Amino acid sequence: MADSVPLKRLVTRLLILVLAMFAFGFALVPIYDVMCKAFGINGKTAGQYEGEQIVDPSRQVRVQFLSTNAIDMVWEFHSKADELVVNPGAVNEMLFVAYNPTDKPMTAQAIPSISPAEAAMYFHKTECFCFTQQVLQPGERIEMPVRFIVDRDMPKEQRDNRPWLSTAAASYCLGLNQESEYMSTHDTYYVPAQSKWPIIATFGLLITVYGLGVWFNDLKAARPESHGPWIFFVGGLLLAYMLFGWFGAVIKESRAGLYSAQMDRSFRWGMTWFIFSEVMFFIAFFGALFYVRHMSGPWLGGEGHKGIAHMLWPNFEFTWPLLNNPDPKLYPAPEGTISPWGLPLVNTILLVSSSVTITIAHHALRKGHRGALKLWLAITVLLGLAFLGFQAEEYIHAYKELGLTLGSGVYGATFFMLTGFHGAHVTIGTIILFVMLMRILRGHFNAEHQFGFEAASWYWHFVDVVWIGLFFFVYVL
């Protein structure tokens, strides 16, 4: 009972931390608005104004016009004059010129902004080219009007020694519309719409990890009825739903031609760093295996400069694989180990062969041989399934016949942590390859657009290399 109180306190603090993080995320928008107001930047105007006002001839306001192109825009774009001096309440007009110098039709959208930010609420547009998308044919030049009214209620007094009450700047940034034909070839980023998937992923991960923690704590406390597995299962379903939906959205965007060469490079770098993180993940477990075999284990056996640890269990002699644990009552030792020349060797042949078959499939995709691509990719999926089946058989043999379990000392713990996490990666990799196979059967991918398949093959080769290390350092040596 005493252990459950600190656990509940820790869970409460973690939940408070999570809620505080969400609150901070939602507070970023008003904080951003306050900063814009304080520094006088990024004032956004409202939509189309339909009212009328009485002209105030006693006051004048200078309105400056700025025109810029986004990084992906090649049009010529400028206002016909740099500024206008207007009376509040009067309807005014400024013309902007746009020219498409390319040999392709293009669609653009202008984003307006008013500076200082306080002036935005007094700047009313009755007509503006920024309200709609602008389509220009190759070599076409157009003039686009902005009709606006400066509100009579604009304050007259000066504030903070800034002349914003008599001068305002209307800025328009012209950028490519995401559906433009030019977008598919120009070196730019596709900015997707707001998505629900990140928040679903957050809750899915939170629920999954929380369920796993409750499950493990209940196992340690020997509680027969635990809600941990059910919480973990619900979190897993949320993650599966998120992955299916999010990757589906990415596939739709890719098939719509919204991704450029720059986006392709970004995906490649992202996958590279992801695999690097996975490499470091397994290096940590291989490092733990090395530490036990060559450092802490020999110290407990009386070797080395920390051999005084031998005093803990004077009769303990360290050997590897460790079949004589220091405290056999607390950690019963296994009766034997798994021979590397049986199922592990078969699984090694299977994974190495699958690495060859996925490479053949990749070359077939590059050459446009769809039949060979489908055949060799299907064989790769079958080899992955065969590996998982043989590993399940190996685990059953270890648990039931050898007594080799997670609780059989450090040898069992390192064995199942390394092979178990690798098996999880093989499972994920097999699912990914199966999805690739389904997409190929539906006509997805070609010699030029194939990174989804290429990323899957990278991941599968990584899984194969990790297994080769496992085979030698866990089973053979």
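Visitor: In what order do the four strands of the open sheet run?
Guide: Before that, a word on the model: it is predicted, so local features need pLDDT of at least 70 and side-chain atom pairs count only at pLDDT 80 or more, while totals for chains, interfaces and linings use all residues. Residues are numbered from 1 along each chain as its sequence is written, and side-chain values use heavy atoms, with hydrogens and water left out. Strands (E, at least two residues) and helices (H or I, at least four) are DSSP runs numbered from the N terminus, and two strands pair if DSSP finds at least two bridges between them. The pairing here is antiparallel, and the order is S2-S4-S8-S6.

Visitor: Which strands stand at the edges, and why is one side of each left without a neighbour?
Guide: An edge strand here has a single partner strand, so one side of it lacks a neighbour in the sheet. The two in that position are S2 (76-79) and S6 (123-128).

Visitor: And what does the twist average from one strand to the next?
Guide: Angles run from 0 to 180 degrees between N-to-C directions, using axes that are lines fitted to C-alpha atoms. Going from one strand to the next, the average twist is 25°.

Visitor: How far apart are the sulfur atoms of Cys128 and Cys130?
Guide: A disulfide is a covalent bond between the sulfur atoms of two cysteines; the rule used here asks for a pair of cysteine sulfur atoms within 2.5 Å. The structure holds one disulfide, and the link of Cys128 and Cys130 is right-handed, with 130° about the S-S bond. Their sulfur atoms are separated by 2.4 Å.

Visitor: Are Cys128 and Cys130 buried or exposed?
Guide: Buried means under 20% relative accessible area, exposed means over 50%, and partly exposed is in between (1.4 Å probe, protein chains only). Cys173, at 27%, is partly exposed. As for Cys128 and Cys130, each one is buried.

Visitor: How many salt bridges does the count come to?
Guide: A salt bridge needs a side-chain nitrogen of Lys or Arg within 4 Å of a carboxyl oxygen of Asp or Glu. By that rule, the count is seven.

Visitor: How many residues apart in sequence are the parts that Lys80 and Glu143 tie together?
Guide: The side chains of Lys80 and Glu143 meet in a salt bridge, 3.0 Å from N to O. Lys80 sits in the loop between S2 and S3 (83-86) and Glu143 in S8, so the pair ties together parts whose separation in sequence is 63 residues.

Visitor: Which residue forms a salt bridge with Glu454?
Guide: Start in helix H4 (residues 261-300), where Arg268 and Asp264 are four residues apart, about one helical turn, and meet in a salt bridge at 2.7 Å, N to O. Arg268 is partly exposed at 26%, whereas Glu454 is buried at 9%. With its closest N and O atoms 3.1 Å apart, the partner of Glu454 is Arg268.

Visitor: Which helix gives the most to the nonpolar patch?
Guide: Patch residues have over 30% relative accessible area and no salt bridge; like charges are joined within 9 Å and nonpolar side chains (Val, Leu, Ile, Met, Phe, Trp, Tyr) within 5 Å. Areas come from the Shrake-Rupley method with a 1.4 Å probe, and for residues only the protein chains shown count as cover. The surface patch has about 820 Å² of accessible area together, and its residues include Trp341, Ile349 and Phe472. With four residues, the top contributor is H8.

Visitor: Where does Phe445, with its positive phi, lie?
Guide: Phi of Phe445 is near 75°, positive in a residue other than glycine. Phe445 is buried, at 10% relative accessible area. Its place is the loop between H7 (410-441) and H8.

Visitor: Is the peptide bond from Trp320 to Pro321 cis or trans?
Guide: Pro321 lies in the loop between H4 and H5. Omega from Trp320 to Pro321 is near 5°, and the bond is cis.
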